[in-house]
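Hi,

Here is the structure I promised to pass on. Have a look at it first, and then read on for what turned up.

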Amino acid sequence: MKTTRISTLRQSARHKPWPVGVLLGLLLLTTPTLAQTYQPTPENMKNREWFQDAKFGLFIHWGVYSVLGDGEWVMNQQQIPVKIYEKIPTFFNPTDFDPKAWVQMAKAAGMKYITITSKHHDGFAMWDSKVSDYNIVKRTPYGKDVLKMLADECHKEGIKLFFYHSQLDWHSPDYFPRGSTGGSWTGRPESGDMNKYLDYMDAQLSELLTGYGEVAGIWFDGMWDKKNADWRLQKTYSLIHKLQPGALVGSNHHVTPFDGEDFQMFEKDLPGHNTTGFSGEQTVGALPKETCETINNSWGFNLKDDHHKSKKELVQYLVKAAGYGANFLLNVGPMPNGKIQPEHIASLKGVGEWLNVNGETIYGTRGGPLTARDWGVTTQKGNKVYVHLLNWFDESITIPSWGKKIKSATLFPGKTPIKFLENDYGITLKVPKASLDEIDTIIELELK
């Protein structure tokens with residue numbers, strides 16, 4: 001209708017010119033209003049800077065699905081109907097959950113923040129929600145709000161807390177029409193009110209943003225289930241920013257960020273890569289970045305998964321992420337008793353020991369002047385560039401020059417000077433073979 005009306009105005013104008021002011025006014029009346037551009041608050045911008053400096057976080061996938069020991073997707077993969085799945089919370093009694101131990105483990109690993117699943121795709125709330133009794137306090141024998149316990153401990157220890165929240169919900173009858181997962185096998189009616197569901201989601205988010213102290217951000221997931229639906233993103237994002245102006249919003253939707261988002265995430269991939277096939281439509285933007293990965297092959301607890309990544313793999317992933325200007329969010333899936341697997345605690349301790357020595361080359365840095373190479377990456381802080389040789393075992397290497405003169409080159413740590421040569425071919429660095437490190441040989445370049 002609006003297009004037709006504008007066309008009519010133009011035809012009339014050909015016969016008798018309209019006053020410019022009148023014509024512009026009529027055009028404004030017939031043109032859709034453009035969405036307001038998101039303006040982050042000063043608190044939000046400060047937290048973005050903190051986020052980029054933090055570099056390393058702990059991801060926790062934990063819910064009643066851990067009882068079955070088959071990952072967080074077990075409801076969908078085994079096609080367990082809602083009425084049967086609702087029995088699982090009655091077996092969830094994590095009496096060994098110790099929030100202090102979790103936070104201390106994260107700190108010992110050199111992590112600066114924790115992101116934990118508040119509600120995953122199964123729709124079960126891991127806090128004392130007042131808008132639904134499908135939650136840990138009302139449906140489990142444990143009967144305690146684990147998110148409140150963890151939040152209190154994080155605030156004590158200076159660890160920032162993000163809440164993962166699934167937009168997808170296999171439990172709610174109002175999540176309709178269905179997306180690519182959670183089909184008719186759930187036993188839900190083939191009808192529903194998506195706006196009612198989104199009101200419910202916003203109400204639960206409001207609980208998380210008003211009852212748990214400072215929340216560092218909301219980590220959304222699940223939009224990909226039906227990416228063309230009207231998710232009312234601006235309404236939800238505005239709600240979050242109103243309730244907690246400093247909170248950072250990110251979404252694992254695998255596309256270019258939308259207005260209102262504060263950081264961009266990459267699932268099991270470094271920025272600009274698409275080895276998983278998730279990110280074919282995603283371009284790397286200017287927002288702060290984060291890549292997430294599992295410590296074995298599973299997000300939620302999986303009894304059969306013994307593919308535990310080595311210290312070398314984990315450290316090198318952290319270093320590569322920093323070279324791409326991104327944080328590394330490393331996931332563990334706690335067991336149903338509330339404990340984290342001993343293998344994972346040991347691995348995190350190993351990464352923490354490495355960071356105790358080499359953290360200066362990671363924390364507070366940005367991606368270096370050279371893009372990633374087969375041999376490794378660079379990070380930068382002020383007038384120092386850190387060359388991370390992750391895959392190089394010769395005594396000399398020539399790297400491209402980037403137009404800055406080098407004042408000194410030293411091994412990190414220890415500050416042992418090494419020989420270097422600058423010419424038209426680049427910068428040649430000479431590292432004694434005895435100083436090459438199996439995980440990461442780090443050379444600190446001080447710029448003139």
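A term you'll need first: a polar contact is a pair of N or O atoms within 3.5 Å, and within protein one of them must be able to donate a hydrogen and the other to accept it. Keep in mind that this is a predicted model.

The side chains of H121 and S166 make a polar contact of 2.7 Å. H121 has a relative accessible area of 1%, so it counts as buried. Its contacts beyond the neighbours within four places in sequence include W73, Y164, D169, W170, H171 and W224.

Next, R188, which sits in the loop between β3 (160-166) and α9 (194-210). R188 is buried but has no salt bridge, and the nearest side chain of opposite charge, D169, is 5.2 Å away. What does the side chain of R188 have close to its polar atoms? One lies 2.7 Å from the backbone oxygen of G182, and the backbone oxygen of W170 is 3.3 Å from a polar atom of that side chain. Leaving out residues up to four places away in sequence, R188 touches V82, Y175 and R178, among others.

Last, the sheet. It is an open one of six strands, ordered β9-β10-β11-β17-β13-β14, with antiparallel pairing. The edge strands, β9 (366-367) and β14 (416-417), each pair on one side only. Inside it, β13 (residues 406-412) and β17 (residues 441-447) are joined by six bridges, and A409 is opposite L445 in β17.

Cheers

Technical notes: Residues numbered from 1 in each chain as written. Predicted model: local features only at pLDDT ≥ 70, side-chain atom pairs only at ≥ 80, totals over all residues. Heavy atoms only, no water. Helix = DSSP H or I, 4+ residues; strand = E, 2+ residues; numbered from the N terminus. Buried < 20%, exposed > 50% of the residue type's maximum accessible area, 1.4 Å probe, protein only. Lys, Arg positive; Asp, Glu negative; His and termini not counted. Salt bridge = Lys/Arg side-chain N within 4 Å of Asp/Glu carboxyl O. Contact = heavy atoms within 4.5 Å. Pairing = 2+ DSSP bridges.
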